Amino acid sequence: MGNQRNDETGICDYLNQHGYTKKKLKKNELNYFTRSFIMKILDNPVYVGKIAYGRSVTEKVKGSRDEYKRVRADDYMVVDGMHEAIIDQETWEAARLRRKETGIKWDKTHSLDHEHILSGLIKCPICGIGLVDTLRRRRNKKSG
């Protein structure tokens, strides 16, 4: 269980420490590699010479007028592309299997009866994204 986060994080650390940078497409975008960016790369069928159609669909926001959001689709079409594959199919499938094993969300182990009831409801005034609460625990050096 302790090795679950190390795959993508290890790749990020290696690329960032060896001076690799990614091209910024937007002004406020990061130019270094992050764990979420590596996960998107590993899950993308384009690198194996395929094109995926319908990976996300738009869905109407419940209780609103003319508001839609993008949602990942469970079933989508994958076809051979006209572009050359960067990696072979076996390596890509092995990476996907590894991601399925290690890419699960962390299960809550402490304070199982405690919930952060305002998570996602409080919005950032600048960007509008829902804020979440985190709990930091430290061990008392005197009492343990």
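Q: What counts as a helix or a strand here?
A: Helices are DSSP runs of H or I with at least four residues, strands are DSSP runs of E with at least two, and both are numbered from the N terminus. The structure is a predicted model, in which local features need pLDDT of at least 70, side-chain atom pairs count only at pLDDT 80 or more, and totals for chains, interfaces and linings use all residues. Residues are numbered from 1 along each chain as its sequence is written, and side-chain values use heavy atoms, with hydrogens and water left out.

Q: How many helices and strands are there, then?
A: The protein chain has 3 helices and 4 strands. Their order along the sequence is α-α-β-β-β-β-α.

Q: Where is tyrosine 76 in that order?
A: Tyrosine 76 sits in the loop that joins β3 (68–72) to β4 (77–80).

Q: Is tyrosine 76 buried, exposed or partly exposed?
A: Tyrosine 76 counts as partly exposed because its relative accessibility is 30%. Buried means under 20% relative accessible area, exposed means over 50%, and partly exposed lies in between, with a 1.4 Å probe and protein chains only.

Q: What does tyrosine 76 touch?
A: Leaving aside residues up to four places away in sequence, tyrosine 76 touches Ala52, Tyr53, Gly54 and Arg55; a contact means heavy atoms within 4.5 Å. Tyrosine 53 lies 23 residues from tyrosine 76 in sequence, and their C-alpha atoms are 6.1 Å apart in space.

Q: Changing topic, how many salt bridges does a search find?
A: A search of the whole structure finds 2 salt bridges. The term requires a side-chain nitrogen of Lys or Arg within 4 Å of a carboxyl oxygen of Asp or Glu. Side chains of opposite charge can pair when their charged atoms come close.

Q: Which residue meets arginine 99 in a salt bridge?
A: Aspartate 43 does, at 3.0 Å from N to O. The pair links distant parts of the chain, with aspartate 43 in helix α2 (residues 35–43) and arginine 99 in helix α3, 56 residues apart. Arginine 99 is buried, with a relative accessible area of 14%, whereas aspartate 43 is partly exposed at 22% relative accessibility.

Q: And what does aspartate 80 pair with?
A: The side chain of aspartate 80 meets that of lysine 50 in a salt bridge of 2.6 Å, N to O. Aspartate 80 belongs to strand β4 and lysine 50 to strand β1 (residues 50–53), so the pair ties together parts that are 30 residues apart in sequence. Aspartate 80 is exposed, with a relative accessible area of 60%.

Q: Back to arginine 99: how far is its C-alpha atom from that of aspartate 7?
A: The two C-alpha atoms are separated by 8.6 Å, although the residues are 92 residues apart along the chain. Aspartate 7 is in helix α1 (residues 6–17) and touches Arg98 and Thr102, not counting residues up to four places away in sequence. Aspartate 7 is partly exposed, with a relative accessible area of 22%.

Q: Which residues form an aromatic pair?
A: A search of the whole structure finds 1 aromatic pair. Phenylalanine 33 and phenylalanine 37 form this pair, which is tilted, with 5.8 Å centre to centre and 50° between the planes. Rings of Phe, Tyr and Trp (its six-membered ring) pair if their centres lie within 6.5 Å; planes under 30 degrees apart are stacked, over 60 edge-to-face, and the rest tilted. Phenylalanine 33 is buried at 13% relative accessible area, while phenylalanine 37 is partly exposed at 28%.

Q: Which residue has a positive phi without being a glycine?
A: Aspartate 66 does, with a phi of about 55°. Aspartate 66 is in the loop between β2 (56–60) and β3, and it is exposed, with a relative accessible area of 70%.
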